[in-house]
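Please read each point against the coordinates.

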Amino acid sequence: MPSHSVTAAAAVPTSLPLTPFSPTDLKIWYSPSAADSCSDSGLGFNSSGQDNFSNSLSKFNSALTAGLLNPMSPPPPVADKSRSSPTLFEMMANEPDCPPRAGAVVQNAVVPAHALQTSKLCPILPPTLDKKALVQQRLTDLLGSRSPGNQFNDAVSADVKLTLSSKDGITISLSVHRQILVAHSRFFASKLNERWAQHQLNCVPFFVEIADCDDIEVYVETLRLMYSKDLRRKLMREDVPRVLGILKVSAAIGFDAGVLSCLEYLEAAPWSEEDEENVATLLSELQIEGDGAAEVLKRVSLDPVDGMGQEEVLIRLLQVVLEGKDDKARREMKSMVMKMLRENASNKYDLRKESLYAACDACLSSLHSHFLQAATGEMQDVNQIARDSDNLHWLLDILIDRQIAEEFLKTWASLSELSEAHPKVPAMYRYEVSRVTARLFIGIGKGQVLASRQARCLLLQTWLVPFYNDFGWMRRGSRGFDRHLIEDGLSNTILTLPMSWQQEILLSWLERFLGSGDDCPNIQRGFEVWWRRAFWRRKEELERHNHLRIMAANGDNS
């Protein structure tokens, strides 16, 4: 029967707009919709072989009755002859693998009978599940999961027939109640008003269509919530992406109770990193009035008025890590905080240089106090030396990573009082101090610390001998000790000095290395570079100078 449609001038949201009311078409039909019909097909097969079995049994009984066979004698040998017909198992074993026929169409996971008859028991690959069919099946299950007493999609009592269609061609119809829609949705209240209803009294139920939906499942779930007395309990069964979709639809149709329940769910439920970004983006787009959205966003944004500044948080984080007592936990947190600070380096709210150097000064002051106490024989807090040294090593890594470690090098090179007290402290407590010196050598050798020549000379003058004395202990006791990296750094640091300093330091090293072996750093590569600079290059310069003198003398004679 042909249907007549009346298009209203108002709009129905079709693609989850940011505002509750956006233009589209509202269509009302006066004729009932046609019901889809479906049919099921059966499948069967039969087998043969009963007659052959009966004939064989009759022959055996006849032979036994005639006395040709002795029941107590062993059975006669079986004649080597093939059976007249192979068994089903033999047929399957001898059948070569073959793909299913192209003409055998598999629909709805049911194989047609003619396909089995013509494929000779070849395995048929399962069909690729159609996404559209899966969505349609989920919608069917969703509409069919109505609890007792719930009037959602109740065709008997409903007075509105709502049809939802998506952009990819999925269409579904459900039975709803005008009274419930108007009571919960400002959008439906404005469209299904009393005057419009009086005008359509002779056409019940009303047919309404919402076209071009982004996600029909979300629309259906939102409408189901209007029929629920406990929205929060219903939403507990959903995940964050689905609740975000329901929130978007609820905001579009003016379903205030749904919006509030979604915000309460999002405020309490855990988020993944992807969920966090989607929540912040959607809430900023919807511009929901009230404090609900602001309370949700407090999970991902910090209000400076309500708490301390970001730099104060970072400073406190540094202090907590530096003051940690458990060595294992402190190492783990240092790695994590180091990574976080590296990622935050480009942020304008990052740690300032002055804040980092203030932390360094506090550690240096503590190290200076405990080191001198240990040098006088007071060993009460001697373990604090290793803790302060490890903290300085970590802070130095941060300074080098940010290319601001030059001032630290100058300060460390000027600690002659600690260097003089170094031999008085037992090696098992002091060797961690030399790890700081080794890190500076690596930084200079890699070009990560560009200090002046005077600062580099003072560093070697103050800390090179203590570094030699602690090298064996570092090699045996330091976690993550990289001998070759430290030796290359020391060699390159020495080679940045004037030749006279290189000669003095390397000749002194050679004497120490020949007496200590593995307990002394092997900087043979630096020694070879100095040797080439001192002799081979000088020899070439001397020959070049003599050649120039000969050329000048020949010019004068001519």
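1. Which residues gather in a patch of negative charge on the surface? They are Glu273, Glu274, Glu276 and Glu277. A patch takes residues with over 30% relative accessible area and no salt bridge, with like charges joined within 9 Å and nonpolar side chains (Val, Leu, Ile, Met, Phe, Trp, Tyr) within 5 Å. Asp and Glu count as negative and Lys and Arg as positive, while His and the chain ends are not counted. The place of a charge is NZ of Lys, CZ of Arg, CG of Asp or CD of Glu. Glu277 is in helix α12, residues 273–286, and is exposed because its relative accessibility is 55%.

2. Basis of the note. This is a predicted model, in which local features need pLDDT of at least 70 and side-chain atom pairs count only at pLDDT 80 or more, whereas totals for chains, interfaces and linings use all residues. Residues are numbered from 1 along each chain as its sequence is written, and side-chain values use heavy atoms, with hydrogens and water left out.

3. Overall figures. The protein chain has 24 helices and five strands; these are DSSP runs numbered from the N terminus, helices being H or I of at least four residues and strands E of at least two. Of its 558 residues, 37% are buried (buried is under 20% relative accessible area, exposed over 50%, partly exposed in between, with a 1.4 Å probe and protein chains only). The accessible surface is about 34600 Å², and carbon and sulfur atoms hold 53% of that. Areas follow the Shrake-Rupley method with a 1.4 Å probe, and for residues only the protein chains shown count as cover. Among contacts with a separation of 6 or more, 71% join residues 24 or more positions apart, a contact being heavy atoms within 4.5 Å.

4. Helix α15. This helix spans residues 327–343 and includes Met340. Met340 contributes, with Met333 and Met336, to a nonpolar surface patch of about 250 Å². Met340 is partly exposed because its relative accessibility is 38%. Arg330 is also in α15, but at 8% relative accessibility Arg330 counts as buried. Leaving out residues up to four places away in sequence, Arg330 touches Val321, Leu322, Gly324, Lys325, Arg387, Asp390 and Asn391.

5. Salt bridges. Side chains of opposite charge can pair when their charged atoms come close. The structure holds 20 salt bridges, defined by a side-chain nitrogen of Lys or Arg within 4 Å of a carboxyl oxygen of Asp or Glu. One of them joins Arg232 and Glu264 at 3.4 Å, N to O. Arg232 is in helix α9 (residues 231–235) and Glu264 in helix α11 (residues 256–268), so this pair ties together parts 32 residues apart in sequence. Arg232 is exposed at 51% relative accessibility, while Glu264 is partly exposed at 31%.

6. Asp519 pairs with Arg476, with the closest N and O atoms 3.1 Å apart. Asp519 is in the loop between α23 (499–516) and α24 (524–557) and Arg476 is in helix α21 (residues 453–477), so the bridge ties together parts 43 residues apart in sequence. Asp519 has a relative accessible area of 32% and is partly exposed; Arg476, at 53%, is exposed. Elsewhere, salt bridges that share partners join Lys334, Asp390, Glu432 and Arg435 into one network.

7. Ser165 is in strand β3 and is buried at 10% relative accessibility. Apart from neighbours within four places in sequence, its contacts are Ile170, Thr171, Glu209, Ile210, Ala211, Asp212, Cys213 and Ile216. Arg439, in helix α20 (residues 427–445), is buried at 14%. With residues up to four places away in sequence not counted, Arg439 touches His393, Leu396, Asp397, Ile400 and Gln448. The C-alpha atoms of Arg439 and Trp394 are 9.9 Å apart, although 45 residues separate the two along the chain.

8. Backbone angles to check. Asn153 has a positive phi, near 60°, in a residue other than glycine; Asn153 is in the loop between α4 (131–144) and β3 (160–166). Gln287 also has a positive phi, near 55°. Gln287 is in the loop between α12 and α13 (292–297) and is exposed at 59% relative accessibility.
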